[in-house]
Amino acid sequence: MTTAGLVDRYGRVATDLRVSLTDRCNLRCTYCMPVEGLPWLPNSAVLTDDEVIRLVRVAVERLGVDEVRFTGGEPLIRPGLAKIVGAVAELAPRPRISLTTNGIGLDKLARPLRDAGLDRVNVSLDTLDGERFERLTHRKRHPDVLAGLAAAQAAGLTPVKINSVLMRDINEDEAPALLRFALAEGYELRFIEQMPLDAQHAWDRARMITAAEILAALRERFTLLPDPAERGGAPAETWLVDGYTTPDGSPAKVGVIGSVTRPFCGDCDRTRLTADGQVRNCLFATEESDLRGALREGADDEEIARRWRAATLTKRAGHGIDDPKFLQPTRPMSAIGG
Ligand code: SAM
Ligand code: SF4
């Protein structure tokens with residue numbers, strides 16, 4: 001068996017696989033999708049559970065992937081999620097397995113997913129205010145997200161991380177309050193700069209809340225110290241929050257993912273698989289490689305691995321959001337897998 005990994009032309013090695021399990025969602029976050037939803041993928045186009053498991057197995061056994069994150073759309077609405085997590089947890093070498101979710105339904109699913117082999121979760125929460133939540137997501141589900149967070153913590157899916165996106169004139173004032181909440185509950189908070197990945201193409205560089213603004217707002221209420229931990233390929237820059245500790249007694253941290261103003265493409269170690277079986281070597285890639293077609297035409301594991309390696313070779317040096325020639329990808333975030 002050949003085990004050469006996913007190496008690109010710049011020498012970066014992709015070991016972190018993001019798998020989108022569905023493009024559908026039960027929320028309508030304004031920075032992600034329009035209130036009427038999107039034309040969803042037909043069921044026949046979406047990989048079956050067994051197809052997902054097979055592609056993840058090829059990535060782990062032949063391509064050196066050691067971290068698998070399930071995402072979407074909303075991965076908790078995929079009926080086969082626990083089965084898929086269980087099968088991935090059986091792989092050797094066993095990858096780390098995590099989930100990015102809006103938290104709705106996690107109150108019931110946290111324990112079964114933990115039992116199936118899930119290690120950690122990231123839960124998206126942009127506001128502590130129920131009315132703002134409704135304005136931001138077009139759904140009255142704020143209590144469900146809080147219940148999901150608590151259940152994840154109780155089930156040991158730790159450290160439970162919170163992803164927050166701040167938007168001008170909507171929740172831009174909430175950075176310190178979100179951090180206070182996370183510190184009190186023992187969650188690790190990371191802010192994500194809003195990226196041009198919404199289906200409506202409404203993103204505006206001039207109006208986005210930058211990492212610098214977020215840090216300035218936090219520093220008005222907290223002392224942030226440099227984090228001595230090695231960042232590696234992690235998208236978040238992290239700081240220690242002086243005077244606070246996590247539930248296990250280590251220094252509490254806060255992170256900022258400055259995808260737009262502080263890009264980290266040079267250290268990127270990610271590869272992505274969409275719900276319909278397309279490999280994307282970058283969130284902002286404009287091309288994809290069709291592994292579903294290969295699977296359904298009877299390709300063997302080595303052929304699939306060969307196509308995945310070839311797809312990695314075309315990965316660009318950077319996303320180029322600040323380049324005047326930047327083109328937003330045709331797929332929105334929800335259909336790529338964030
Ligand atoms: N539905 C799940 C959730 O919301 O966590 C998983 C998919 S969602 C696309 C993954 C992450 O992407 C979420 O944390 C969400 O806040 C973030 N996201 C979505 N659209 C974004 C955008 N335009 N800019 C920055 N982050 C975005
Ligand atoms: Fe759904 Fe996640 Fe997009 Fe919000 S960010 S609409 S929860 S996929």
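How many positive and how many negative side chains does the chain have, and how far apart do the centres of the two sets lie?

1. The chain has 45 positive and 49 negative side chains. The centres of the two sets lie 1 Å apart. Lys and Arg count as positive, Asp and Glu as negative; His and the chain ends are not counted. A charge is placed at NZ of Lys, CZ of Arg, CG of Asp or CD of Glu.

2. This is a predicted model: local features need pLDDT of at least 70, side-chain atom pairs count only at pLDDT 80 or more, and totals for chains, interfaces and linings use all residues. Residues are numbered from 1 along each chain as its sequence is written, chains are lettered from A and ligands numbered from 1 in the order written, and side-chain values use heavy atoms, leaving out hydrogens and water.

3. Ten helices and 14 strands make up the secondary structure. These are DSSP runs, numbered from the N terminus: helices are H or I with at least four residues, strands E with at least two.

4. Of the 338 residues, 56% are buried (under 20% relative accessible area, 1.4 Å probe, protein chains only; exposed is over 50%, partly exposed in between). The C-alpha trace spans about 55 × 50 × 45 Å along its principal axes.

5. Leucine 128 sits in the loop between strand S6 (120-124) and helix H4 (130-137). Leucine 128 counts as partly exposed because its relative accessibility is 31%.

6. Leaving aside residues up to four places away in sequence, leucine 128 touches His142, Glu174, Ala177, Leu178 and Phe181 (heavy atoms within 4.5 Å). Glutamate 174 is 46 residues from leucine 128 in sequence, and 8.1 Å away in space, C-alpha to C-alpha.
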